[in-house]
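Open the model in your viewer and keep the selection tool at hand. This tour goes from one selection to the next and says what is there.

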Amino acid sequence: MPNHCTQRRVGMFAIHDTGVPVGSNHDYKTLIIIHGSVWHAGAFGKFVPLAEKNNTRLVLIDRRDYPGSTPLTDKERAMLTAAAEAEPAPEATENIKEYMKERTKEIFDCLYDFVKEEDIPDKSLILVGASLGAAWLISLLANGRSLFGTDETLLRRVRRLVVYNPSYHALGYAAPASSYSPRDDPSLTQGEADMRFQEWVSGYYSHGDSPFKPEFRNPLADSLPTIANVSPDEISAAMHAPPASVGGSDALLVKAGIKHGLFAALRDVALYPKACTIELRFMWGDHAVWEVPFGIASVREELAEAHKAATRRIRNITYMRLEGANACTHWDDPERALKALLTDAPDANPLQA
C-alpha cells in the first residue's frame, strides 16, 4: 500500500485510510471499499495517490480471514462448513442467514465506530462492495432495520451504496445454461484452475447483443488480461488466495449461499424495502467476464418487471456502465474508476444502456 495511507484496526478489521484531504473544508467525500475474493484492499492501492486531488478520503477494509484482520474462529468456521455441506432444509437456511447476519453486524460496527470517531461529514459516505464484497453490501441493506434501528449516526452520513462489478451468484441468480468457469473445469487440476481463473476473470470480453447470451470462454485477442500487467511484487501486495481455495471461508460462503438461497433472499429484501431512501447503484464494466454483465442484466430485468407490476416498493436504484471496461478498471484505469465511483450523476437511461 502506498506510504500516504495509514493502517490501523477498527473492531475486527484492518483498515487503510488516506485521511482528510489536505485543505478540505469538511466538504470531502468518504469512499469506503469492501473488497471481493482473493484480491483484498491492496487491489485498490492505485486509488490512494488519486484520492486527495479528488477531495476524497479513501478507506479500504480488509475482510476477516484476510491479512491484518481477525481470522474466523474455529466455531465460526465450523458453522460455515456445516452450512456448506448440509442438504437444503429450513434449519440449514436459517443457519447460513444467521452466519451472514453476524458477519454483517461486524462490518456495521466497524463503519459505525469509524464515522463516529472520525466525525465523517453528513451525506459524504459512498460505500462500495466490489465483486463478492457486494454480498456484504446487499446484506447491510437487507438487515438494515435490525442494524440501524433508530440511531442515525451511520445512516445520516451515507450518500449512496455502490455494487461494483458483482458476480451473478453474489446477487443470488442462477447460472445460465452452458456457463463456464475454470474452477469448474474437470480437465484442470486445482493448481491449473486457480492459475487459469485469474487470467479468465481479468480478461476483456465482447458479449454481443445480449448479456443473457454472453461469451463464456474466449477473451478479446487484442486486449491482455489485467493479471498479465501485474508484477509479482504487486500480486503479493494485493492477493490472498486461501479464502477462495477449497475449504476457504469465501469458497464455503459461496457454496452455502447458493445452495440455501441466501444471496437471493438478501437481494429480495434489499431491492424491495418497506421504507428506505438510500440509493443503491450498480456499476460495471461491459467487457467484464460474463458473470458480471449477466448478473447486472438479471437485476435490470427483474426490476423492469417489478416496475411494470407496481405491486412492491422498489429501492432507489441507479446504474453506471463503464463502456469497454473489464472487471478490473480500478487497476487498468484507476482514474476513470475512481471518478465513476465518486460522480453523483448516474446513467441517464439505465434500462437502455
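Start by selecting Arg300 and Tyr319: Arg300 lies over the face of Tyr319, at 5.6 Å from the ring centre. Keep in mind throughout that this is a predicted model.

Next, select Arg267 and Tyr173. Here the charged end of Arg267 sits over the ring of Tyr173, and the distance to the ring centre is 4.0 Å.

**The cores**

Tyr319 is also among the residues touched by Phe282, so select Phe282 now and show its surroundings, using a contact limit of 4.5 Å. Leaving aside residues up to four places away in sequence, the contacts of Phe282 include Val163, Leu171, Leu271, Ile296, Val299 and Ile317. Thr318 and Met320 are also on that list. Phe282 belongs to the largest nonpolar core, which has 79 residues. Together with Leu253 and Leu280, Phe282 has the most contacts inside this core. Helix H3 gives the core its largest share, 10 residues. There is also a second, separate core of 27 residues; to find it, select Leu31, Val48, Ala325 and Leu341, which are among its members. In soluble globular proteins, nonpolar side chains tend to be buried together.

**Helix H8**

Now select residues 249-259, which make up helix H8. Which residues of helix H8 are buried? They are Ser249, Asp250, Leu252, Leu253, Val254, Ala256 and Gly257. These buried residues pack against helix H2 (74-85), H3, helix H4 (134-142) and helix H9 (262-271).

**A buried arginine**

Go to helix H3, residues 90-117, and pick out Arg103. Is Arg103 buried or exposed? Arg103 counts as buried because its relative accessibility is 6%, and the limit for buried is under 20%. Show the side chain of Glu76 as well: a polar contact of 3.2 Å joins it to the side chain of Arg103. Besides Glu76, Arg103 touches Arg64, Leu72 and Trp136, when residues up to four places away in sequence are not counted.

**Aromatic rings**

Select the rings of Phe, Tyr and Trp; there are 11 aromatic pairs to find. One of them is Phe44 with Phe47, a tilted pair with 5.9 Å centre to centre and 50° between the planes. Phe44 and Phe47 are both buried. Another pair is Phe216 with Trp290, which is edge-to-face, at 5.2 Å centre to centre and with 85° between the planes. This pair links distant parts of the chain, 74 residues apart. Phe216 is in the loop between helix H6 (190-201) and helix H7 (232-238), while Trp290 is in the loop between strand S7 (280-285) and helix H10 (291-309). Both Phe216 and Trp290 are buried.

**Cysteines**

Finally, select the cysteines. How many disulfides are there? The count is 0. Cys110 is in no disulfide, and the nearest cysteine sulfur, that of Cys5, is 14 Å away. Cys110 is buried, with a relative accessible area of 3%.

Methods. Residues numbered from 1 in each chain as written. Predicted model: local features only at pLDDT ≥ 70, side-chain atom pairs only at ≥ 80, totals over all residues. Heavy atoms only, no water. Helix = DSSP H or I, 4+ residues; strand = E, 2+ residues; numbered from the N terminus. Buried < 20%, exposed > 50% of the residue type's maximum accessible area, 1.4 Å probe, protein only. Polar contact = N/O pair within 3.5 Å; in protein donor to acceptor, adjacent residues only side chain to side chain. Phe/Tyr/Trp six-rings, centres within 6.5 Å; stacked < 30°, edge-to-face > 60°. Lys NZ or Arg CZ within 6 Å of the ring centre and 35° of its normal. Disulfide = S-S within 2.5 Å. Core = buried A, V, L, I, M, F, W, Y, C linked by side-chain atoms within 4.5 Å.
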